[in-house]
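Thanks for coming. I will go through one protein this morning, starting with the overall picture and ending with a few single residues.

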Amino acid sequence: MNKRAFSPVMLGPPYNHTVETPATFFLVGIPDLQSSHLWLAVSLSAMYTTALVGNSIIMMVICMDSTLREPMFCFLCILAAVDIVMASSVVPKMVSIFSSGHSSISFQACFTQMYFVHAATAVETGLLLAMAFDRCVAICKPLHYKSILTPRVMLGMSVTITIRAIMSMTPLSWMISHLPFCGSHVVPHSYCEHMAVAKLACADPMPSCFYSLICTSIIVGSDVIFIAASYNLVLRAVFGLSSKNAQWKALSTCGSHVGVMALFYLPGMVSIYVAWLGQDSVPLHTQVLLVDLYLVIPPTLNPIIYGLRTKQLRKRIMSLLMFFLFHHPSQGE
């Protein structure tokens with residue numbers, strides 16, 4: 001790779017001549033941690049493999065087993081698909097950068113990656129809210145569970161979550177893809193993160209950055225408030241149970257769910273507000289690591305937390321594995 005491509009370029013005033021769209025961007029990876037790139041490539045590969053295998057198994061088991069048709073399992077199946085899309089949007093390119101130094105990405109691929117990452121995260125936060133609502137109804141109103149969460153309601157929730165993601169992320173992608181890029185094409189990040197790309201523009205990137213901040217704050221803020229309210233109702237119902245064993249079981253399940261949500265929300269929100277308010281006080285490699293972790297860790301842990309800790313689904317997964325390991329080959333005899 002030409003070293004001149006990675007030299008810092010000071011952005012001056014906008015050029016007077018017509019600005020052409022760059023054919024390629026160059027992703028740095030994680031600035032100042034180039035010595036750890038190989039270790040990061042191995043770690044990401046292991047996590048990505050776990051995410052692909054785990055989420056694929058959950059989707060396959062839920063789709064194949066007719067007894068797993070409760071709303072919780074349907075939402076979990078959609079969540080598994082979204083996790084695969086989110087991880088697949090960034091991890092293969094990250095591993096390529098960290099292992100071989102292949103850092104170039106085309107203009108179209110960069111903004112396609114950006115759109116899928118943002119849309120997937122918007123869908124995932126909506127699904128986490130839907131699953132929190134599902135647990136709230138199941139624990140607080142168990143006798144009315146099927147009458148409240150009907151297939152029609154579930155479909156309406158899923159469509160609303162998807163439309164919200166598309167309507168919120170499409171303007172953002174349009175705004176930044178139409179900015180002129182006449183200076184440096186080196187993105188100080190391991191994927192085409194919105195703020196990192198926007199800062200390379202010759203024109204003022206503030207409208208798209210401000211839209212991203214407001215939109216993210218509204219979507220995530222409202223979802224977190226409703227999730228907190230749902231689990232508050234769940235905790236009240238749990239502490240009202242007479243059985244200590246039932247209380248512990250419910251608290252253990254809810255606690256693991258809240259833990260996964262914290263791993264999804266906290267790094268993402270911290271990285272967004274650090275980029276706005278404290279970018280000079282927090283090292284750049286720390287900011288990049290925060291974003292990378294929030295895109296990779298939840299898809300890796302979700303199958304374990306939501307899948308293996310759900311008794312009904314765990315039994316189906318074990319039965320399927322036992323079938324393929326011990327019974328499947330004998331059928332060909």
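First, a term: a residue is buried at under 20% relative accessible area, exposed at over 50%, and partly exposed in between, using a 1.4 Å probe and protein chains only. By that rule, 45% of the 333 residues of the protein count as buried.

Some ground rules. This is a predicted model, so local features need pLDDT of at least 70 and side-chain atom pairs count only at pLDDT 80 or more, while totals for chains, interfaces and linings use all residues. Residues are numbered from 1 along each chain as its sequence is written, and side-chain values use heavy atoms, with hydrogens and water left out.

Now the elements. Helices here are DSSP runs of H or I with at least four residues, strands are runs of E with at least two, and both are numbered from the N terminus. The protein has 10 helices and 3 strands. Their order from the N terminus is β-α-α-β-α-α-α-β-α-α-α-α-α.

On contacts: two residues are in contact when heavy atoms lie within 4.5 Å. Among contacts in the protein with a separation of 6 or more, 78% join residues 24 or more positions apart.

Next, the interior. A nonpolar core is a set of buried Ala, Val, Leu, Ile, Met, Phe, Trp, Tyr and Cys residues joined through side-chain atoms within 4.5 Å. The largest one has 84 residues, and F25, F181, V197 and L313 have the most contacts inside it. Which helix gives this core its largest share? That is helix α2, residues 71-100, with 16 residues. Another core lies apart from it and has 5 residues, including A119, M169, L172 and I219.

Now to helix packing. Two packed helices are described by the angle between their axes and the distance between the axes. Axes are lines fitted to C-alpha atoms, for helices over the stretch in contact, and angles run from 0 to 180 degrees between N-to-C directions. Under 35 degrees counts as roughly parallel, over 145 as roughly antiparallel, 65 to 115 as roughly perpendicular, and the rest as oblique. A crossing is left-handed if the near helix is turned anticlockwise from the far one by less than a right angle, and right-handed if clockwise. For the residues at a contact, Ala, Val, Leu, Ile, Met, Phe, Trp, Tyr, Cys and Pro count as nonpolar, Asp, Glu, Lys and Arg as charged, and the others, Gly among them, as polar.

Start with α5, residues 151-177, and α7, residues 206-239: their axes come within 9 Å and cross at roughly 165°. α5 is therefore roughly antiparallel to α7. This crossing of α5 and α7 is left-handed. On the α5 side the contact uses R164, M167, S168, M169, P171, L172 and M175, which meet P207, S208, Y211, S212, C215, I219 and D223 of α7. The residues of this contact comprise 9 nonpolar, 3 polar and 2 charged.

The next pair is α3, residues 107-140, with α5. Their axes are 9 Å apart, at an angle of about 150°, so α3 and α5 are roughly antiparallel to each other. Here the crossing is right-handed. The contact of α3 with α5 has 17 nonpolar, 6 polar and 1 charged residue.

The last pair is α2 and α5, with axes 11 Å apart and an angle of about 25°. α2 is therefore roughly parallel to α5, and the crossing of α2 and α5 is right-handed. P71, C74, F75 and I78 from α2 meet M154, M157 and S158 from α5. That contact divides into 6 nonpolar, 1 polar and no charged residues.

I139 sits in helix α3 and counts as partly exposed, at 29% relative accessibility. Neighbours within four places in sequence aside, I139 is in contact with V234, A237, V238 and C254. Its C-alpha atom is 9.4 Å from that of L235, which lies 96 residues away along the chain.

L251 belongs to helix α8, residues 244-277, and is partly exposed at 28%. Beyond neighbours within four places in sequence, L251 is in contact with L235, V238 and F239.

K199 is in the loop between α6, residues 194-198, and α7. With a relative accessible area of 40%, K199 is partly exposed.
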